[in-house]
Amino acid sequence: MPMWSVPVAALVVVVGILAWLSIKVVPEYERGVVFRLGKLRPLYQAGLHLLIPAVDRLQRVDTRIVTLTIPPQEVITKDNVPARVNAVVLFNVVDPLLAIMKVENYAVATSQIAQTTLRSVLGRAELDTLLAHRDDLNAALRDIIEIQTQPWGVKVSVVEIKDVEIPEQMQRAMAREAEAERERRAKIINARGELQASEELRQAADTLSRSPASLQLRYLQTLLELGADQNSTVVFPLPMDIVGPLLGKLTGTPAAAPVAAEPTATPTPVPGPAAAPEPSATPDAYYAPPAL
């Protein structure tokens, strides 16, 4: 084996190692920030790149959307109600050079900014707003966080409040309040129904009072409804023109006399003895067989 083969083999090995260290592949979802002897180089896009070993230093920056979960934060609302609130933040790097040059760790910085902003914004809102108007609070949180992270090349796309935990006593108080509100609405609806029903009944009474025959028809309709079901109710209908004089004799109250006609110029005859009231010509017309 010749003596020169050993140095050649060693040189080949060293060249292979240097080539392996020099070739870098940047995926499509990443960007490369390169420092050559500590000086910033232009941004490396996705693809194959050659670096000088021990001279160039490559830092990869992921440009995909990152899901950041904010741990539960103890907040006190504007109306002095303690609550525990957690949220989720979605952000991504739009300028890798700024994300590396302007902040040491953009992910940690974004997380801390999100936590402090969450406590600050929710502390200025009332509990009802926190529970019923989350969309407005989410939009306000996103705008405030994005203003602070924009100089770092970080874009905040979504901020969502996930869960709001309030004390158990406050939950019971809110449940009682909701129950009382539902009872109030039920009573209002019931009162409106009674008012409308009474108005309809008044109109029906006015209509029936103008036509006595309608009252008799309604009376017969009621008898028909009573006899429709198989029950043990017994009904004895009697004409009022027969029962009225009898009740008048028993109570000593004279029966109601018909309305007198307008006086005329003819002399009024001397009244004779009062005649007994004639029975109804068709008493059987008001009789209905008992419903068994």
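In this predicted model, an open sheet is built from 3 strands in the order 6-7-8, with antiparallel pairing. Its edges are formed by strand 6 and strand 8, each of which pairs on one side only, and neighbouring strands of the sheet are turned against each other by 25 degrees on average, direction ignored.

| Strand 6 | 66-76 |
| Strand 8 | 154-165 |

Helix 3, which spans residues 106-123, lies across strand 6, strand 7 and strand 8, and runs at about 35 degrees to strand 6.

The largest nonpolar core holds 35 residues, of which Val 85, Val 89, Tyr 106, Leu 130 and Ile 161 touch the most other members. Two or more residues are given to this core by each of strand 2 (30-36), strand 6, strand 7, helix 3, helix 4 (127-132), helix 5 (134-149) and strand 8, and the largest share, 7 residues, comes from helix 3. For Val 85, leaving aside neighbours within four places in sequence, the contacts include Pro 71, Pro 72, Val 75, Leu 118, Leu 122, Leu 130 and Ile 161, and also Gln 73 and Asp 163.

As for the aromatic residues, the count of aromatic ring pairs comes to 0, whereas Arg 64 lies over the face of Tyr 29, at 4.0 Å from the ring centre.

Terms used. Residues are numbered from 1 along each chain as its sequence is written. This is a predicted model: local features need pLDDT of at least 70, side-chain atom pairs count only at pLDDT 80 or more; totals for chains, interfaces and linings use all residues. Side-chain values use heavy atoms; hydrogens and water are left out. Two strands pair if DSSP finds at least two bridges between them. Helices (H or I, at least four residues) and strands (E, at least two) are DSSP runs, numbered from the N terminus. Axes are lines fitted to C-alpha atoms, for helices over the stretch in contact, and angles run from 0 to 180 degrees between N-to-C directions. Contact means heavy atoms within 4.5 Å. Rings of Phe, Tyr and Trp (its six-membered ring) pair if their centres lie within 6.5 Å; planes under 30 degrees apart count as stacked, over 60 as edge-to-face and the rest as tilted. A charge sits over a ring if NZ of Lys or CZ of Arg is within 6 Å of the ring centre and within 35 degrees of the ring normal. A nonpolar core is a set of buried Ala, Val, Leu, Ile, Met, Phe, Trp, Tyr and Cys residues joined through side-chain atoms within 4.5 Å. Buried means under 20% relative accessible area, exposed over 50%, partly exposed in between (1.4 Å probe, protein chains only).
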